[in-house]
Amino acid sequence: MNKIEPDLKTVTFSTMSGDLIVNRKGDLYEMDFPAYDLKPVEITDAIGAKPVEVYMGRDLLCVFDDEKTVRELKPNLDKLNKNSIVAYQASPRGGTLYCTKYGDRVRLSGKAALYSEADINIG
């Protein structure tokens, strides 16, 4: 979308789970995923700190009061009652995700970085 077709606004990838549509919105790329129903579950400190709220959807979602707690978590790797959140991936690479639920879908937006560029010659 940046190198080959700069005017392109939408790309569709065919996956085993169905079509994955990516829309360019300014300098963000938005993807549309199925949403999971979240159900409140009992709060524990099983991940090394006690969250304020805990929900179970496809995965476990823990909500904490402050960023420091999240950054210092050391969970064993063996989700909020809002339609829209801004999330930070607290990893060495880091990144901001803009997440919005639309009915039974979830749209994730974030900036993209060019990973690789190459020419392939077939002949």
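Me: How many aromatic pairs does the count come to?
Reply: The count comes to 0 aromatic pairs, where rings of Phe, Tyr and Trp (its six-membered ring) pair if their centres lie within 6.5 Å. This is a predicted model, in which local features need pLDDT of at least 70, side-chain atom pairs count only at pLDDT 80 or more, and totals for chains, interfaces and linings use all residues. Residues are numbered from 1 along each chain as its sequence is written, and side-chain values use heavy atoms, with hydrogens and water left out.

Me: And what sits over the ring of Y102?
Reply: The charged end of R107 does, 4.1 Å from the ring centre; the rule asks for NZ of Lys or CZ of Arg within 6 Å of the ring centre and within 35 degrees of the ring normal.

Me: New topic: in what order do the strands of the open sheet come?
Reply: The order is β4-β5-β6, with antiparallel pairing, where strands are DSSP runs of E with at least two residues, numbered from the N terminus, and two of them pair if DSSP finds at least two bridges between them.

Me: Which strands stand at the edges?
Reply: β4 (39-40) and β6 (60-63) do, and each has a single partner strand, so one side of each is left without a neighbour in the sheet.

Me: What stands opposite P40?
Reply: Y55 in β5 stands opposite P40, and β4 and β5 (residues 53-56) pair over 2 bridges.

Me: Is Y115 buried or exposed?
Reply: Y115, which lies in the segment after β9 (105-110), counts as exposed because its relative accessibility is 81%, given that buried means under 20%, exposed over 50% and partly exposed in between (1.4 Å probe, protein chains only).

Conventions: Rings of Phe, Tyr and Trp (its six-membered ring) pair if their centres lie within 6.5 Å; planes under 30 degrees apart count as stacked, over 60 as edge-to-face and the rest as tilted. Helices (H or I, at least four residues) and strands (E, at least two) are DSSP runs, numbered from the N terminus.
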